[in-house]
Amino acid sequence: FEYLPTGTSIGINEDSQFTPASLLKVPVVMAYYYKKERLGLKDDPTVKLTKDELNSNFGELYKKCEGKDVNLNEAVNLALQKSDNTASLVLANYISDKDFRYIDEGLDIPLDVKGGSPVITAQQYSSILKALYFASILNRENSEHILDLLTKTDFKELLPGGIPRNIRVAHKIGLIDKQI
């Protein structure tokens, strides 16, 4: 827990490393919005699904099959609200290394690798949400839009499960084996 106006915080195991899994979809979406800002794009393009993007491990978008159209706004919504792997891959393929680097450098989160998988701490991951809250990487409108989408996730029984329903909680799940 961190009180954002002062930075005062308290945590339990906040420095323990874990595999971020789907938590990394948030920086992917941030890189997509950065590209839109950089190029001055207002509309979201529609792209065709490729065979390499279809991923049945989490989400339903893969069922559309190769060659089907998907609007990148739909991909953003699916990646954040339903944690859809195919949607995230579609976005990642649309984003340049330059856009990813900009987000990565702005977040300044070192991703260690253990056993071939990236690992991160809760303390480090919180900088992603803080960057959105303070609109320190993206413009205010895009930052708030991403946070709003993160309050509308399908996974309400997890992190916000013990919080009164009238309190909005921006959060992202990351599961390794679809276990909820």
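Mentor: Start with Glu144, which forms a salt bridge with Arg140; the closest N and O atoms are 3.8 Å apart. Bear in mind that this is a predicted model. Both residues sit in helix H6, residues 140–150. They are four residues apart there, so about one helical turn separates Glu144 from Arg140. Glu144 is partly exposed, at 44% relative accessibility. Arg140 is partly exposed too, with a relative accessible area of 41%. Salt bridges that share partners also join Asp148, Lys152 and Arg168 into one network.

Now use H6 as a way into the interior. H6 is among the elements that cover the buried residues of helix H2. The cover also includes H1, E4, E5 and helix H3 (85–94). H2 spans residues 72–81, and seven of its 10 residues are buried, so the helix is largely enclosed by the rest of the structure. The buried residues are Leu72, Ala75, Val76, Leu78, Ala79, Leu80 and Gln81.

Follow the chain on from H2. Ser83 lies in the loop between H2 and H3. Its relative accessible area is 1%, so Ser83 is buried. Look at the backbone there as well. Phi of Ser83 is near 55°, a positive value in a residue other than glycine. That deserves a glance, for most residues other than glycine have a negative phi.

Cys65 is another case, with phi near 80°. Cys65 sits in the loop between E4 and E5. At 42% relative accessibility, Cys65 is partly exposed, whereas Ser83 is buried.

The side chains of Asp69 and Lys48 meet in one, at 2.8 Å from N to O. Asp69 is in strand E5 (residues 69–71) and Lys48 is in strand E4 (residues 46–48), so this pair ties together parts that are 21 residues apart in sequence. Asp69 is partly exposed, at 43% relative accessibility. Lys63 and Glu60 make another bridge, 2.5 Å from N to O. Lys63 is partly exposed at 49%. Glu60, at 52% relative accessibility, counts as exposed, because the exposed class begins over 50%.

Two packed helices are described by the angle between their axes and the distance between the axes. H1 (residues 25–39) packs with helix H5 (residues 122–133) at an angle of about 35°, and their axes are 10 Å apart. The crossing of H1 and H5 is left-handed. On the H1 side, the contacts come from Val26, Pro27 and Met30. They meet Tyr125, Ile128, Ala131 and Leu132 in H5.

Finish at the surface. Phe1, Tyr3 and Ile10 form a nonpolar patch there. Together they have about 420 Å² of accessible area. Phe1 lies in the segment before strand E1 (2–3). Phe1 is exposed, with a relative accessible area of 73%.

Notes:
Residues are numbered from 1 along each chain as its sequence is written. This is a predicted model: local features need pLDDT of at least 70, side-chain atom pairs count only at pLDDT 80 or more; totals for chains, interfaces and linings use all residues. Side-chain values use heavy atoms; hydrogens and water are left out. Patches are made of residues with over 30% relative accessible area and no salt bridge: like charges are joined within 9 Å, nonpolar side chains (Val, Leu, Ile, Met, Phe, Trp, Tyr) within 5 Å. Accessible areas come from the Shrake-Rupley method with a 1.4 Å probe; for residues, only the protein chains shown count as cover. A salt bridge is a side-chain nitrogen of Lys or Arg within 4 Å of a carboxyl oxygen of Asp or Glu. Helices (H or I, at least four residues) and strands (E, at least two) are DSSP runs, numbered from the N terminus. Buried means under 20% relative accessible area, exposed over 50%, partly exposed in between (1.4 Å probe, protein chains only). Axes are lines fitted to C-alpha atoms, for helices over the stretch in contact, and angles run from 0 to 180 degrees between N-to-C directions. A crossing is left-handed if the near helix is turned anticlockwise from the far one by less than a right angle, and right-handed if clockwise. Contact means heavy atoms within 4.5 Å.
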